[in-house]
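The sequence and the structure are shown first.

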Amino acid sequence: MKSIIKTIVLCAGISSLALQSCTNKAIEDKNTKYVMVIHGGAGTIEKQHMTEVKEKAYVAALTEALQTGHKLLQEGKSALDAVQAAVNVLEDSPLFNAGKGAVFTNEGKNELDASIMDGQTLKAGAVAGVTNIKNPINAARAVMEQSEHVMMVGRGAELFAAAHGCDTVPPSYFFTQERWDQLQRTIQKESNGRNAYHEPDPRQQQIYGLTAKDAKFGTVGAVALDQQGNLVAATSTGGMTNKRYGRVGDSPILGAGTYCNNNTAGISCTGWGEYFIRATAASRVSALMELKNLSVSDAAKQVIEEIERLGGDGGIIALDKNGNVAMEFNTSGMYRGTVDENGKISVHIYK
């Protein structure tokens, strides 16, 4: 077992990508206590369609997020601080569909959503449809801690966040050429009478190693367990490419995209949001653990299977109160990683 773990530990030389072929079984060592798990979206992520440069960039970004969160946990800071800091790293990277890398709506805008939940108190905060908040997860935390509400949307959420110290940026901050080109391709396919989200040829999609099917993926999330035994979960997203009519997915909806309870686990989801909402995916993982005494891994696996039967796809990360981790998905890949209590980092991309 020690030799298996050694092969997946990310040390100083993160340029070595052999670790990404490791399986979930290898990382779910029952003798290891994990203190953080993160994801950067699930989808049709296949090695043959990923460039080496892009692959290294993803490994570096996920590693930085884990290192940032672990450092705070090691210093005795709260899980709340750790997940916020880790998600900030991912929000600031154009690689992920959150913050800087958010996808465009049909109107050519970026609308961002986020949520965060404290497993000790069951307090939570969320924002949806914000357009000028640099780090939406910070706004979600502000709603949780500095208001009597759980969710704020649109202009009201922006005004509240700005008034409570969250950094604002002009909408142009979120522009990336890759995401803009992704929108144009999607619109063109629709005008040609083709389904925008199910292009079977991955060569038609140049962005981030994903196929056009994954216009709805890229959400980021983190769950942490601190030295006090408290869990916190957080999720942030740019939503779905080409979305219309003020559509909101599962990420800012407590119980669907995010849920956390110290008695069970912290959960963050990514994927086709409509199905995760219908399945109340995140809270269902917790309920299966509480009411059926399932392990965190078995509960997450069951929920993903239920979503697949509904017709949806995506992934779930979860961390239980004992430091056991789950990273389940029904796509060909999910950007994901863990760090244990000793600071050993593992990053994975493919199935």
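## Strands, cores and rings

In this predicted model, strand E12 (residues 345-350) is largely enclosed by the rest of the structure, because six of its six residues are buried. The strand pairs with E11 in the antiparallel sense, over five bridges. E11 and E12 form a hairpin with four residues between them. In that turn, Gly343 has a positive phi of about 90°.

The largest nonpolar core has 54 residues. Met36, Val83, Phe96, Ile116, Tyr335 and Ile349 have the most contacts inside this core. H4 supplies the largest share of the core, eight residues. A second, separate core has 39 residues, including Val223, Ala281, Val285 and Ala318. In general, nonpolar side chains tend to be buried together in soluble globular proteins.

Leaving aside residues up to four places away in sequence, Met36 touches Ala65, Leu66, Gly69, Ala82, Val83, Ala86, Val223, Ala224, Leu319, Gly337, Thr338 and Val339. Among these contacts of Met36 is Val223, a member of the second core.

The aromatic pairs come to eight. Two of them are set out below.

| Pair | Centre to centre | Angle between planes | Type |
|---|---|---|---|
| Phe96 and Tyr335 | 6.3 Å | 85° | edge-to-face |
| Tyr173 and Phe174 | 5.0 Å | 80° | edge-to-face |

Which parts of the chain does the pair of Phe96 and Tyr335 tie together? Phe96 lies in the loop between helix H4 (79-91) and strand E2 (112-118), while Tyr335 belongs to strand E11 (residues 333-340), so the pair links parts that are 239 residues apart in sequence. Phe96 is buried, at 1% relative accessibility. Tyr335 is buried as well, with a relative accessible area of 2%. Both residues are listed among those with the most contacts inside the largest core. Ring pairs also link Tyr58, Phe96 and Tyr335 into a cluster.

Tyr173 counts as partly exposed because its relative accessibility is 21%, and the limit for buried is under 20%. The ring of Tyr173 also has the charged end of Lys100 over it, 4.7 Å from the ring centre.

Conventions. Residues numbered from 1 in each chain as written. Predicted model: local features only at pLDDT ≥ 70, side-chain atom pairs only at ≥ 80, totals over all residues. Heavy atoms only, no water. Phe/Tyr/Trp six-rings, centres within 6.5 Å; stacked < 30°, edge-to-face > 60°. Helix = DSSP H or I, 4+ residues; strand = E, 2+ residues; numbered from the N terminus. Buried < 20%, exposed > 50% of the residue type's maximum accessible area, 1.4 Å probe, protein only. Lys NZ or Arg CZ within 6 Å of the ring centre and 35° of its normal. Pairing = 2+ DSSP bridges. Core = buried A, V, L, I, M, F, W, Y, C linked by side-chain atoms within 4.5 Å. Contact = heavy atoms within 4.5 Å.
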